[in-house]
Amino acid sequence: MRQTQPGTGGTAGAVLAGHPEVADKASLRRTNLGVMLRQLRENGAQSRTHLATATGLPKATVSVLVAELIQRGLVREGELDRAGAVGRPHRMVELDGRWICGIGAEIGPDHLTVLALDLRGTVVHQDRRALDVPALTPQAALREAADLVADCLSAVTDLGMHTIGITLVTQGSVDAASGTVTVASNFGWRNVRAVHELRTRLGRHAPPVLLENDAESGALAEYLAAPDADTRELVYVTGGIGVGGASISGGKLIRGSEIGHMKLDRLDRPCACGRTGCWELAVGLGALLDAAADPADRVHDLSVDLADRLGELLDRADAGDARTLAALATVADDLALGLGVLADVLNPPRIVLGGYFAVLERYLVGSVQQVLDDRRISPGSPRVVVSASALGLSNAARGGAHLTLEGIFQDPSDVPVRPEPTDGGTWSA
Ligand SMILES: [Zn+2]
């Protein structure tokens with residue numbers, strides 16, 4: 001497994017901290033700009049004095065770095081620091097959410113989702129569209145995705161903001177370096193040059209495009225939505241037509257799992273990947289829907305948004321519909337089977353369920369937790385806590401947007417200096 005800083009997405013800046021002897025002055029400055037931004041992201045608004053203490057940099061250096069970050073529209077001056085000790089209170093410094101945006105765009109088997117985050121991690125635009133991706137050619141699906149991204153770029157521009165980049169998120173194995181989806185069996189894609197296709201359709205003035213797997217970006221979104229001790233160690237498992245997983249360990253993204261294709265399907269059915277008996281045949285969305293409803297039922301209708309179809313299933317379960325409840329109970333059993341394997345192998349303190357598993361939380365999480373608790377070898381063994389993602393079906397796109405912004409948190413010096421407002425006002429107001 002490869003291990004990277006969260007979300008460097010192949011764009012890691014020259015992180016040379018700890019080896020100052022090899023860092024020239026310019027790269028050291030870039031490194032320190034990133035250190036300042038990450039300090040502000042993780043600990044919120046603070047004075048320059050506090051920044052100097054927290055980062056170990058001289059106060060004069062901090063002042064110069066803050067001035068540059070303000071020029072680039074990445075930080076702003078906020079409230080007065082009234083908690084400070086003696087003397088004149090100083091202005092707090094905080095991340096500025098008014099200028100830079102990062103976009104995440106997810107192509108799922110049954111939908112497209114686009115989401116733009118500002119530097120503070122606030123959603124400034126999102127859109128979602130039902131789309132039967134396996135029924136289209138890769139080129140047609142990417143054309144639809146490009147349309148949705150183009151609308152998002154316009155919306156961000158209308159807000160007076162600058163898009164720094166786009167991360168395209170898909171299922172399957174992706175080669176981030178070449179921008180190629182190597183295999184996405186649920187789409188029927190092999191060696192699709194997705195980044196090239198998207199860039200061609202967006203035009204040469206479009207921002208750079210990165211590529212990431214959906215489970216990996218989802219795991220990252222879970223961590224960065226609340227980067228604290230609770231989320232520094234977690235396994236994220238997302239359910240859709242396919243099932244994907246990724247881990248965060250020590251606050252770092254661990255890539256490379258194909259957990260949906262573990263051999264755990266009790267019926268040993270053939271899988272789109274070419275094997276038989278894959279776990280996602282038992283716990284993927286297709287298994288649930290097939291068990292819960294006849295083929296003509298509207299919950300199978302791919303032209304209806306997944307959120308509405310899952311809402312329909314929840315209504316039926318809440319009304320006590322026996323077939324729906326039995327289907328959910330079977331999925332919960334098979335989900336617990338695979339999560340038990342992951343718990344034994346990876347021993348995480350926390351498993352977060354995303355995708356449709358999170359939407360149907362109240363029929364899945366409790367029973368899965370019960371099975372995992374019951375199979376502990378001794379009462380003193382560490383307990384794995386299972387929870388549902390609170391980030392909804394846009395989680396993978398959100399993770400993509402975080403990945404886009406992560407390049408700035410590693411090296412802010414690529415961000416252009418923000419132009420003065422055209423209305424004659426001032427940004428620092
Ligand atoms: Zn498979």
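**Note on helix packing and the metal site**

1. In this predicted model, helix α8 (residues 285-292) and helix α9 (residues 306-318) have axes that come within 12 Å and cross at roughly 45°. Because of that angle, α8 is oblique to α9. The crossing in which α8 passes α9 is left-handed.

2. On the α8 side, the residues that meet α9 are L285, L288, L289 and A292; their counterparts in α9 are L306, R309, L310 and L313. By class, the residues of this contact between α8 and α9 comprise seven nonpolar, no polar and one charged.

3. The zinc ion has as its protein donors H261 (ND1), C271 (SG), C273 (SG) and C278 (SG), at 2.0 to 2.3 Å. The four donor atoms subtend angles of 104 to 114° around the zinc ion, and the arrangement is therefore tetrahedral. For reference, the ideal angle for four tetrahedral donors is 109.5 degrees.

4. The spacing of the zinc donor residues along the sequence is H-x9-C-x1-C-x4-C. H261 and C278 both lie in the loop between β15 (252-254) and α7 (280-283), so this pair ties together parts that are 17 residues apart in sequence.

5. Helix α1 (residues 25-43) packs with helix α3 (residues 59-71) at an angle of about 80°, the axes being 10 Å apart. This angle is why α1 is described as roughly perpendicular to α3.

6. R29, N32, L33, M36 and L37 of α1 make the contact with V62, L65, V66, E68 and L69 of α3. The residues of the contact of α1 with α3 fall into seven nonpolar, one polar and two charged.

Methods: Residues numbered from 1 in each chain as written. Predicted model: local features only at pLDDT ≥ 70, side-chain atom pairs only at ≥ 80, totals over all residues. Heavy atoms only, no water. Axes fitted to C-alpha atoms, helices over the stretch in contact; angles between N-to-C directions. Helix = DSSP H or I, 4+ residues; strand = E, 2+ residues; numbered from the N terminus. Parallel < 35°, antiparallel > 145°, perpendicular 65-115°, else oblique. Left-handed = near helix turned anticlockwise from the far one by under 90°. Contact = heavy atoms within 4.5 Å. Nonpolar A, V, L, I, M, F, W, Y, C, P; charged D, E, K, R; others polar. Donors = N, O, S within 2.8 Å, 3.2 Å for Na, K, Ca; no water. Tetrahedral: all angles 85-135°; square planar, octahedral: opposite > 155°, others 65-115°.
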